[in-house]
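Try each task before you read its solution.

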Amino acid sequence: MEPRSIPPTALADWIAAQEALLASETPDWDSCARLIAASEAVSRGVSPFSIPAPLEAFPFPLERPKQTDTGPAWGRFIEADQALKLILAEGWIAAARQCSNAENAPEDLMRRWAEALDDAMEAVVASERYGKILVEWLRAGIAAKLPMRPPNLPVPPAPPLATTPREIVSQMGRVTLSRYKGPQAGVPLLIVHGLIGRQSVCDLEPDRSLIASLISLGHDVWVIDWGNPGPEDHNLGFTDHIEGWLARACETVAAVTHTAPALMGICQGGLFVLCYAALHPAAVSGLVLTGTPVDFHSDRDEPGYLNRLARLLPRDVIEGLLAPDGLLPGATTGALFQAMTPGRTFAKYTIDLAAKLAKPAEIATFSRMEAWLADRPDLPGGVAREWLIDLYQENLLIQDKFRVGDQTVTLASIEAPILNIIAKKDHIVPPACSHALAAHAPNSRYRAVEVPSGHIGVFVSEAARQHVAPAISDWLSVL
């Protein structure tokens, strides 16, 4: 692949657009649109892939929405849409002001601006005014019957993901249970990912595979693949996944290996394994958690974007975000994660990508990660309601009020040893939300390990190779 840098004309236009925005006393439509156009031009000039525009996740198109309907619902949406765009633009101006005296090279200036944008947007979205405007925008869009499903992200060409050999042991409808080829002794480890991503992040590529590392360290590794939920699954909730598929998978692993499995829960999957271990203490040898929130309100001093947004959404808006088939679109959760760090997203698709183009190995890793990010399954509406309302809003789990079937989950019932792996730079699950488990599992031998990475870096970063696999291996060896 030919080395490529940011085109000088596009870069000059981007800097000029920054200057025009900075000259605005308050956000104005034309200067914001000019900066968006310049940002997208920079991205197109660098990228050889079909990847999303750097700020496409924002509800911030280049032009004002065209009023094609004279009805009152459409008029309210136009008003709310413009209000949301202009408050977001306040973050753009704040970021530009932070960089106004920079004397760095243009590409260094872009990186500085990207970092400043995330800081500035954090302050904007934390404001009560933004919350009110966002809810009004969502309600207006739902009332105007606009499609709430964003377009699916294009999947860029990428080398194969999840290449560690495995065999399907059982097929349970759309869900499969697989065993990786390798050692078949010791306590088996069953990996349980959440429903909003694929388990392949644990096996992204041969040199960045947590699964391959665990196998090389002598462990028997299994995995659940949740498949693709369809409209027929729209009412399924935590109970169906925990007492149905997860319970059957644990029974199968135990029957094959004659040993109760240890469960590794990833993000939302960690909630599944915690609930299962609390309700079936004897069926589990141990628990590993990564990026798992437990106390969804313990981030009050330093709120996370997702926590804040989930607590903000009224129930009628949550219902409105579900597609007509009753599923929460994977594209919606993907857009949400993109919007958490707009500066980082901008840098990733411009200056960071330009620096990788002459390095085939880095481009392969970039492509695999983009393919994984773009492949987000839809979420059953039943799970979405429990996840957003019962857990994020009501925080029922730590109050011993969260129900699975006809039983109440009590974390103090967990007897299996727990290894809680917490990413110190996690911007999706604030570390405090995970650390809270220590106080709610008094009957478990509990250990926490902090890793200097972000939410996904636990699996793919250098820190993962140095810390995560060895920590899990050492823990498994003494169960």
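The exercises below use a predicted model and cover salt bridges first, then a sheet and its helices.

**Exercise 1.** Find the partner of Glu128 in a salt bridge, and explain how the two sit in the helix.

*Solution.* 
- Step 1. Look for the partner. Glu128 forms a salt bridge with Lys132.
- Step 2. Check the distance. The closest N and O atoms are 3.5 Å apart, and the cut-off is 4 Å.
- Step 3. Judge the surroundings. Glu128 and Lys132 are both exposed.

**Exercise 2.** Decide which parts of the chain are linked by the salt bridge of Arg139 and Asp316.

*Solution.* 
- Step 1. Confirm the bridge. The side chains of Arg139 and Asp316 meet at 2.9 Å, N to O.
- Step 2. Locate the ends. Arg139 is in helix α5, while Asp316 is in helix α10 (residues 315–321).
- Step 3. Compare with the classes. Arg139 has a relative accessible area of 38%, so Arg139 is partly exposed. Asp316 has 41%, so Asp316 is partly exposed too.

**Exercise 3.** Is Glu205 buried or exposed, and which residues join it in a salt-bridge network?

*Solution.* 
- Step 1. Read the accessibility. Glu205 has 7% relative accessibility, so Glu205 counts as buried.
- Step 2. Find its partner. Glu205 forms a salt bridge with Arg208, with the closest N and O atoms 3.1 Å apart. Arg208 is partly exposed, at 27%.
- Step 3. Through shared partners, salt bridges join Glu205, Arg208 and Arg368.
- Step 4. The whole structure has 16 salt bridges.

**Exercise 4.** Work out the strand order of the eight-stranded open sheet, and name the strands at its edges.

*Solution.* 
- Step 1. Write the order. It is β1-β2-β6-β3-β7-β8-β13-β14, with mixed pairing.
- Step 2. Pick the edges. β1 (166–172) and β14 (446–451) each have a single partner strand, so one side of each lacks a neighbour in the sheet.
- Step 3. Examine one pair. β7 (residues 262–266) and β8 (residues 286–290) run parallel, joined by five bridges. Leu263 has Leu287 in β8 as its bridge partner.
- Step 4. Helix α19 (residues 462–477) lies across β3, β7, β8, β13 (418–423) and β14. Its direction is at about 170 degrees to β13.

How values were computed. Residues numbered from 1 in each chain as written. Predicted model: local features only at pLDDT ≥ 70, side-chain atom pairs only at ≥ 80, totals over all residues. Heavy atoms only, no water. Helix = DSSP H or I, 4+ residues; strand = E, 2+ residues; numbered from the N terminus. Buried < 20%, exposed > 50% of the residue type's maximum accessible area, 1.4 Å probe, protein only. Pairing = 2+ DSSP bridges. Contact = heavy atoms within 4.5 Å. Axes fitted to C-alpha atoms, helices over the stretch in contact; angles between N-to-C directions.
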